[in-house]
Amino acid sequence: TALPICIGGYIAGAPNFIDAGRTFGEGYLFAISLPPFCVAATLASVRILMGPEGQELRQRHQDAVREVKNKLVGVGIPVGSVDSHIIPVMVRDAEKSNE
């Protein structure tokens, strides 16, 4: 999620309990409106991202990603070649991945 996360929930328990909540509580789980502060936070984020500050933030973010990729490759850690901020690191060894 790229927008502010203002509300949410998590349910844990026995599978039958979770299934009952989803089956009989669906109207409560999925039918609430967003609180005004969540809408305000989301609008503020979108306004920032659409303006000059957002362009600068995106550029700084991409520069940081490029720097991390270069440093990983520089020390011999293979990374996937993708046009994304997510850097896949190729460990290829289950024991090393736990170190």
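At 46% relative accessibility, H85 counts as partly exposed, a class that lies between buried (under 20% relative accessible area) and exposed (over 50%), with a 1.4 Å probe and protein chains only. This is a predicted model, in which local features need pLDDT of at least 70, side-chain atom pairs count only at pLDDT 80 or more, and totals for chains, interfaces and linings use all residues. Residues are numbered from 1 along each chain as its sequence is written, and side-chain values use heavy atoms, with hydrogens and water left out.

**Helix α4**

- Helix α4 covers residues 52–74; helices here are DSSP runs (H or I, at least four residues), strands are runs of E with at least two, and both are numbered from the N terminus.
- The 23 residues of α4 should span 33 Å at 1.5 Å a residue, and the end C-alpha atoms are 33 Å apart, in agreement; the expected span is 1.5 Å times one less than the number of residues.
- G54, V65, K69 and L72 are the buried residues of α4.
- Helix α3 (36–50) is included in what covers these buried residues, where contact means heavy atoms within 4.5 Å.

**K69, a buried charge**

- K69 lies in helix α4 and is buried, yet has no salt bridge.
- The nearest side chain of opposite charge to K69 is D83, 5.9 Å away; Lys and Arg count as positive and Asp and Glu as negative, while His and the chain ends are not counted.
- Leaving aside residues up to four places away in sequence, K69 touches V82, S84 and I87.

**Salt bridges**

- Side chains of opposite charge can pair when their charged atoms come close.
- The structure holds 3 salt bridges, each defined by a side-chain nitrogen of Lys or Arg within 4 Å of a carboxyl oxygen of Asp or Glu.
- R60 and E56 meet through their side chains in a salt bridge of 4.0 Å, N to O; they are 4 residues apart in helix α4 and therefore separated by about one helical turn.
- R60 is exposed at a relative accessible area of 52%, whereas E56 is partly exposed at 47%.
- D63 forms a salt bridge with R66, the closest N and O atoms being 2.9 Å apart; because the two are 3 residues apart in helix α4, about one helical turn separates them.
- D63 is partly exposed at 34% relative accessibility, and R66 is partly exposed at 45%.
- E67 pairs with K71 in a salt bridge whose closest N and O atoms are 3.0 Å apart; a spacing of 4 residues in helix α4 places about one helical turn between E67 and K71.
- E67 is partly exposed at 44% relative accessibility, while K71 is exposed at 54%.

- V75 is in the loop between α4 and α5 (94–97) and is exposed, with a relative accessible area of 63%.
- V75, I77, V89 and V91 form a nonpolar surface patch with about 310 Å² of accessible area together.
- Patches are made of residues with over 30% relative accessible area and no salt bridge, like charges being joined within 9 Å and nonpolar side chains (Val, Leu, Ile, Met, Phe, Trp, Tyr) within 5 Å.
- Accessible areas come from the Shrake-Rupley method with a 1.4 Å probe, and for residues only the protein chains shown count as cover.
- H85 is also found in the loop between α4 and α5.
- H85 touches H61 and V65, not counting residues up to four places away in sequence.
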